[in-house]
Amino acid sequence: MSVMELDPRTALSFPKAAKMLLKETELRGNVRRATETIQAKRRKLVAEKDDWQELRESARQIRAHVLAHLGAYLEEFERNLTRAGGTVHWARNAEEAQAIVVSLAKEAGAQEVIKIKSMTTEEIHLNGALEEAGIHAYETDLAELILQLGHDTPSHIVVPALHKNRAQIREIFKREMNLPELGSAPEDLAEAARRFLREKFLRVHTAVSGANFLIAETGGICIVESEGNGRMCLTLPDTLIAVVGIEKVLPRFGDLEVMLQLLARSATGERMNPYNSIWTGVRPGDGPRKMHVVLLDNARTEVLADKEGRQTLQCIRCAACLNACPVYRQTGGHAYGSVYAGPIGAILTPQLMEMKHGQSLPYASSLCGACYEVCPVKINIPEVLIHLRNEVVKRHGPLAPEAIALRMVATLFRSERRFRAAQRLGRMAQTLLARRELKIVGQNVGQADWGDSQWIHWLPGMLGGWTRSRDLEAIPSESFREWWDRRSK
Amino acid sequence: MRVALFITCYNDTLFPQTGKAVVKVLERLGHEVEFPAGQTCCGQMHWNTGYQAEALPLVGRFVSQFEHAEAVVIPSSSCVAMMRDHYPIMAERIVREGGDASLPARVAALLPRVWEFSEFLTKKLCLTDVGASYPHKVAYHASCHGLRSLGLGDGPEALLRGVKGLELVAIERKEQCCGFGGTFAIKNADVSTAMLEEKVQTVLATGAEECTGCDNSCLMHIGGALHKLHAGTRTRHIAEILAAEEKGAL
Ligand code: SF4
C-alpha cells in the first residue's frame, strides 16, 4: 500500500487498515527487523542500570506532578522564556497553531523553512498549511527527509521511516535527488543526504521545530536527536519557531537527569543521545535573533480533565511501547491512521479526537502488557485502553448488536441456574457444527479423551473470524460442575 | 488445607478435564477441595471489552462465594490477573455508585488468599515436585497475564522440571503474545492470526509433542491453530500434566 493519510478523522478503521498492511511482506519484514534491533539494544542498556525501576518511578512522579500543576508550570515557563528574550504563543487547537506559525514565518519573510523532526507539527498537519500559504517546508531529519522525498508518512514516532529498508531508501534518493550513480553503502546515502541538506541549512533562515521538553525553571526548550541536523536548525537560522504540546513541560533543569537517562535508553538503546540541545531565549551573536514557542493544547486539556485517561499525557514519546508491541510488529504504524502509532497512539489518538474518531484504536491491542512493562514513565497503557473501550461502548449505545449479545451473556453470569442452562443449550446448539474426529490426529499422547474430542471448523458471522485460522474444540458432554455434582453424590 | 476452587466459566464449560486435574493434584497433596456452587465468571470478558457496568455485579458475587475460604485456587492466570488488577478499583466504583460499602474492604481481605493454580503450588506450598510423571517432550507457553501481571516467573517451568520423565523445551521469544486477547481475536481477527502464526511456528520449531501453559484461553487459541494445521502437536493445561501419574494417564 502506498501513502495513507495520517488523519484520524478520515482514516480506515484499524482492522481494515491492518488487513491491507498484513499483505505487505517487505514492510512487515522491515518493521520486525528494526524493532528487534532497537529492542535488543534497549534491553542491554536497561540491564546495566541497577536503579532502572527507581528511575521509572521518579519519572512517573515528576510527570504526574507536572500534570497536577500544569497551569502554574506553563506560566512559569512563559515568564522565564519571555525574560530571556523569547515569545510564547498559546494555541487552542491545530488551526490556531497553524495560523500562528504561518504568520510568524511570513513576518520573518520566509518562503521556505527548515524543520527538525517533530511529531507535534505532524499532528497539526503543519506542512500542508505552510504549503497553502506558499511556504515550503524542508524536513531535515534523515528519516523525515526520506518520507518527504518518497511522498510517504511516518510509521514510528522515533524512527519515522522504520518501515523502509536501505534499498528502498536508495531508490528514493536516486530518483528524487537525481543521483543515478548513487551507491548502496550507508555512507553513500548519508553523504547524499548531507549534500542535499547542507545547501538548505545555509540558504533558509527560518526553522520550525518541536521539543522533547520545556523547562519551566529556565524557560528553555530541550531537543534531543541523533544526527546533528536538529542542532543545525537550532543554531543557523535567524528565526526559530517551536511547536510544543503543553504537556511537555518539566519543573526544573535537574529533572532532565532522570528524563534523559530514560529517554535515550528507551528510544534508541543509547546511554545518551548524541545531540542534546537546550535553547533558552536569544543572545547577541549566537543562534536565532527571534525565538517563538507555540504552546499547543489541541484537546490535551480535555485529556487532563479525565482522571483515568490523564496518565496518557505523562508520555515522553520514546516509542519503547511501539517496539515492544506484538500488534505493531505485525502491521507497522500506518494502520493506526495517525502520526501516533502503536500502543501510545491507540490511547492518545482517540483522546485527542475527543473520542469522536479513532474509536477502533483502543481495541487494537491484545492487552498483553508488553507496553506497560517497558514504558519509562510507567503509563499503564492496558488500563487506559480498557477505560477508553468503555467510553467507546457508551457512545455506541445499547442497541449495537455486540452490546445486545454481551448484555445477554452478562445475565447468564448473574445466576447459576441460568448459567447451567446456557451450558446445556450451547451443547445442543453446537451439534450442527461440531464434528467428531474420524481418526486420531497427531501422536495420541497417551490420552483416551483425545479420540473422543469433537472439533468445530466453522462458525457463523463475526465468530467466523475465529475459525478462519483456528479450529475450536467442541463443548464436552459434561461440564465441570456437572461432574462435581455426580462426584459428590 | 481447605481449598476453594474457582474453576472459571470457560474451563467449566469447555475444559472440565483441567478442573478434574486440579482436584486430583490438590487431593493427592493432602488438601481438601470444595466447589462453591454459585460461582460463574470473574467478569474479564466484559470488563476488558468495555462493558464495565456488566462486569461490576460479578465482584460481589465472587466475594460472597469465596470469602470464607482459607485459599482460593484458580486454574487461569488471566482471571486471577483480572481480580488482582481490577477488583479493588471495581469495588470502589460500586461504592461510588451507591452499592455495597463493605465491598472494598472485603475484596482487600480476600485477594491475598487468591492464587493461580501453579503459583499456589510454588509460592504458597513452596513445591516444585508434586509427584507427577509424564514422559513427553513439552514446551511451556508463558501467557501474558501470568508473565506480567502475576509475575509467575520461572514457577510453572520449575514445576514442569519436577515432573518425572518430562523433557522441557523452550519456545523462542516466549514473552511474545500469542494474539488471543479475548475479543481481540474476533475484532482484529487478521492481526490476531498473524500473531498466532508466529507463535505456532516457534512452538513447532521446538519439536515438542505438547505445548502447555497456565491459561486454557491462550492454549485454546494456539491449539486451535495447531489442529487446523494437522500439526500433530497439541496443547494441554499444566494441571493435567501435573496430575498425570506413572501408572497411566488421568
Ligand atoms: S507511552 Fe511510554 S513507552 Fe510509549 S512512547 Fe510514551 S513514554 Fe514511551
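Reply: Helices (H or I, at least four residues) and strands (E, at least two) are DSSP runs, numbered from the N terminus. On that basis chain B has 14 helices and eight strands. This is a predicted model, where local features need pLDDT of at least 70, side-chain atom pairs count only at pLDDT 80 or more, and totals for chains, interfaces and linings use all residues. Residues are numbered from 1 along each chain as its sequence is written, chains are lettered from A and ligands numbered from 1 in the order in which they are written, and side-chain values use heavy atoms, with hydrogens and water left out.

Me: What does chain B span along its principal axes?

Reply: The C-alpha trace of chain B spans about 55 × 45 × 30 Å. Its radius of gyration (taken over C-alpha atoms) is 18 Å, which agrees with the value near 18 Å for a compact globule of 250 residues. The globule rule is 2.2 Å times the number of residues to the power 0.38.

Me: Which domains does chain B have?

Reply: The assignment, automatic or from a database, gives domain 1 (2-124) and domain 2 (137-243) in chain B. Their C-alpha centres lie 23 Å apart.

Me: How many residues are in contact between those two domains of chain B?

Reply: In domain 1 of chain B, 29 residues are in contact with 23 residues of domain 2 of chain B; contact means heavy atoms within 4.5 Å. Together the two domains bury about 1900 Å², with 62% on carbon and sulfur atoms. Buried area is the accessible area (1.4 Å probe) that two parts lose on being put together, summed over both.

Me: And how many salt bridges are there across that interface?

Reply: Zero between domain 1 and domain 2 of chain B. A salt bridge is a side-chain nitrogen of Lys or Arg within 4 Å of a carboxyl oxygen of Asp or Glu. There are 13 residue pairs in polar contact across the interface of these domains (both at pLDDT 80 or more). A polar contact is a pair of N or O atoms within 3.5 Å; within protein, one must be able to donate a hydrogen and the other to accept it, and residues adjacent in sequence count only if both atoms are side-chain atoms.

Me: Which helix gives the most to the domain 1 side?

Reply: Helix 2 of chain B, with seven residues.

Me: How many salt bridges between chain B and chain A?

Reply: Nine. One salt bridge joins the side chains of Lys187(B) and Glu402(A), at 2.5 Å, N to O.
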